[in-house]
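These are my notes from going through one model. I list what I looked up and what came back.

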Amino acid sequence: MSAELTSVAQQLVDETPAPRGRLRLAAARVAGSRGALAGLVVLALLFLLAFVGPYLTPWDYAAPDYGSLRQPPSGTHWFGTNGLGQDVFAQTVRGLQKSLVIGLLVAVLSTGLASLVGACAGYFGGWTDRVLTFLVDLLLIFPAFLVIAVLSPRLRGSGWIAFVLLLAVFNWMVTARVVRSMTRSLREREFVAAARYMGVGPFRIIWRHVLPNVSSFLIIDATVTVGGAVMSEAALSYFGFGVRPPDVSLGTLLAAGAADAPVFPWLFYFAAGLLVLFVLAVNLVGDGLRDALDPTAAAGRHRPRRRRSTTPERRSTP
């Protein structure tokens, strides 16, 4: 009986697809999604603009051109200039680069922390669950925007990395609670019980069996977090709590050009358009990755056609 149970457990564990196979299947599904492909193309172009754009213009984002103050877009200054004579194109690509880096770092840190805390709390239970849940609930009490606004001016000397850490610290609690509830249901599944019976360690079970089964939710959350982090950075920088001058971000550019937007629209709408375009592209990619990583997402899309009967219908004779 013990040998029979061991073979069944081994079969259940072996049924879990390899990570390489999952990646190939996900890549094939993403390639078949027009929305995801469009979002990926837009994101690739935005990243290309952010990191290659500074090398396309001879102007530095902080260097003024006193002979061109608030000039409209032209062949010399592609996006025009601001009130100090600084090139708006150079400032926009620099601000886009800073906002993209901040959004990606916040998404990686917050989603990674949420998955680790939520999976450990849900899998181990007991006092581990109580302590971690208390920590999550405690952080949820604090108003994140207000705390970041208060602490950010005191961390000016630490640079924008401290700003990223502040955004990440107050952006993972809700995700951790969802991962905890999903893990509590997953730990009772047959393949997790089989892995425990075979002597697999708890952290390896979390890594190989729990997290892959919540990966679709984590992907969705990470993509939403990227857009939310960029929007939060823009809002905090708009109010003077984010990126500090002489550095720029999309938020500082929006704050600097908001008052002059009706008269000098190039000071505001280029940065605003890139911000909106980035958030839309991230949402498209998130939807595509959700469908690609969720094995049940495509169920029901392509229903098998009903076969027509080859036998001729019998007509009733009067």
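I took helices (H or I, at least four residues) and strands (E, at least two) as DSSP runs, numbered from the N terminus. I worked on a predicted model, in which local features need pLDDT of at least 70 and side-chain atom pairs count only at pLDDT 80 or more, while totals for chains, interfaces and linings use all residues. Residues are numbered from 1 along each chain as its sequence is written, and side-chain values use heavy atoms, with hydrogens and water left out.

**Entry: confidence**

I looked up pLDDT, the predictor's confidence in each residue, from 0 to 100. The protein has a mean pLDDT of 79, and 80% of its residues reach 70 or more. Over residues 1-19 the value stays under 50, and the model has 19 contacts beyond four places in sequence for this stretch; I count a contact when heavy atoms are within 4.5 Å. Residues 298-318 are also below 50 in pLDDT, with 1 contact in the model beyond near neighbours in sequence. Where pLDDT is low, the predicted coordinates should not be read in detail.

**Entry: record against model**

I checked the UniProt record, an unreviewed entry, for the feature "transmembrane region". The record places it at residues 36-56, 100-124, 131-151, 157-179, 217-243 and 263-285. UniProt positions are given in the numbering used here, feature names are shortened, and annotations may be inferred rather than shown by experiment. I then examined two of these ranges in the model. Residues 100-124 are 100% helix and 0% strand, with the end C-alpha atoms 36 Å apart. Residues 131-151 are 90% helix and 0% strand, and their end C-alpha atoms lie 26 Å apart.

**Entry: nonpolar surface patch**

Which residues form a nonpolar patch on the surface? I found V41, L45, L48, F51, V52, L56 and W78, with about 650 Å² of accessible area together. Patches are made of residues with over 30% relative accessible area and no salt bridge; like charges are joined within 9 Å, nonpolar side chains (Val, Leu, Ile, Met, Phe, Trp, Tyr) within 5 Å. The areas come from the Shrake-Rupley method with a 1.4 Å probe, and for residues only the protein chains shown count as cover. I looked at V52 separately: it is in helix α3, residues 34-52. V52 counts as partly exposed because its relative accessibility is 34%; the classes are buried under 20% relative accessible area, exposed over 50%, and partly exposed in between (1.4 Å probe, protein chains only).

**Entry: salt bridges**

I counted a salt bridge where a side-chain nitrogen of Lys or Arg is within 4 Å of a carboxyl oxygen of Asp or Glu. The structure holds 7 of them.

K98 and D247 form one, at 3.1 Å from N to O. K98 is in helix α4 (residues 88-124) and D247 in the loop between α11 (215-238) and α12 (250-257), so this pair ties together parts that are 149 residues apart in sequence. K98 is buried at 9% relative accessible area, and D247 is buried at 14%. R94, K98 and D247 are linked in a network of salt bridges.

D129 and R180 form another, at 2.7 Å from N to O. D129 lies in helix α5 (residues 126-141) and R180 in helix α8 (residues 173-186), so the bridge ties together parts 51 residues apart in sequence. D129 also pairs with R184, the closest N and O atoms being 3.3 Å apart.

Is D129 buried or exposed? D129 is buried, at 7% relative accessibility. R180 is partly exposed at 23%, and R184 is partly exposed at 35%. Not counting residues up to four places away in sequence, D129 touches A121, R180 and R184.

**Entry: L140**

L140 lies in helix α5 and is partly exposed at 37% relative accessible area. Its C-alpha is 8.0 Å from that of F170, which is 30 residues away in sequence. Not counting residues up to four places away, L140 touches M173, V174 and R177.

**Entry: backbone at R70**

I noted a positive phi of about 55° at R70, although R70 is not a glycine. R70 sits in the loop between α3 and α4. R70 counts as partly exposed, with 35% relative accessibility.
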